[in-house]
Amino acid sequence: MGKKMVAALTRYPLFLMLGLAAAAGISLLDGEPWLAGNGFLLLLGAALGLAGALLLLTAAGLFRRVGTTVDPTKSPDALVTHGIYGLTRNPMYLGMLLLLLAQVCLLGRGLALLSPLCFFVLMNAQRIPAEEAMVAARFGDAFTEYKARVRRWL
């Protein structure tokens, strides 16, 4: 896959996540029950889904409160380093990843693991480095210090 194709795929991570979730949903066409028969997997999936949704919404809400954009293609107006951003530099993407992992557990299908794996690889290799370059250019040393203090994922 070429660099331009990967850049296009990762331009809007929410759409990438939804597309990967839909692709994993194709595994439902095999005629098996839609939900995992394993109670532990169902509980784990529900917990991961709730955690992912809360993380995503909390992080986006914090961006909105400080008046900066959640659009990953636009330069932010503020460097957010407090709240959940004190634990991870990418809580929105982490939330999306948790939602995809929840889907794997809820479906109980190994093939669905390709979705969170693809999301992680594409975000880590393309989208996050592009965003970090944009943020570093905008905020300089403040971002460099933040980056040294807080991990990319967890």
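This is a short chat about a predicted model of a protein.

User: What secondary structure does the protein have, how many helices and strands?
Analyst: The model is predicted. The protein has six helices and zero strands. Read from the N terminus, the order is α-α-α-α-α-α.

User: And what is its radius of gyration?
Analyst: The protein has 17 Å. A compact globule with 154 residues would have a value near 15 Å, so the two agree. Along the principal axes, the C-alpha atoms fill a box of roughly 55 × 35 × 25 Å.

User: What share of the residues counts as buried?
Analyst: Of the 154 residues, 40% count as buried.

User: Ok, helices. How do α3 and α4 cross?
Analyst: Helix α3 covers residues 39-66 and helix α4 covers residues 91-107. Their axes come within 7 Å and cross at roughly 160 degrees. Angles over 145 degrees count as roughly antiparallel, so that is what α3 is to α4.

User: Left-handed or right-handed?
Analyst: The crossing of α3 and α4 is left-handed.

User: What kinds of residues make up that contact?
Analyst: The contact of α3 with α4 has 22 nonpolar residues, four polar and no charged.

User: Switching topic. Where is Leu114?
Analyst: Leu114 lies in helix α5, which covers residues 114-139.

User: How far apart are Leu114 and Ala148?
Analyst: Leu114 and Ala148 are 34 residues apart in sequence. In space they are 31 Å apart, C-alpha to C-alpha.

How values were computed. Residues are numbered from 1 along each chain as its sequence is written. This is a predicted model: local features need pLDDT of at least 70, side-chain atom pairs count only at pLDDT 80 or more; totals for chains, interfaces and linings use all residues. Side-chain values use heavy atoms; hydrogens and water are left out. Helices (H or I, at least four residues) and strands (E, at least two) are DSSP runs, numbered from the N terminus. Axes are lines fitted to C-alpha atoms, for helices over the stretch in contact, and angles run from 0 to 180 degrees between N-to-C directions. Angles under 35 degrees count as roughly parallel, over 145 as roughly antiparallel, 65 to 115 as roughly perpendicular and the rest as oblique. A crossing is left-handed if the near helix is turned anticlockwise from the far one by less than a right angle, and right-handed if clockwise. Ala, Val, Leu, Ile, Met, Phe, Trp, Tyr, Cys and Pro count as nonpolar, Asp, Glu, Lys and Arg as charged, and the others, Gly among them, as polar. The radius of gyration is taken over C-alpha atoms; the globule rule is 2.2 Å times the number of residues to the power 0.38. Buried means under 20% relative accessible area, exposed over 50%, partly exposed in between (1.4 Å probe, protein chains only).
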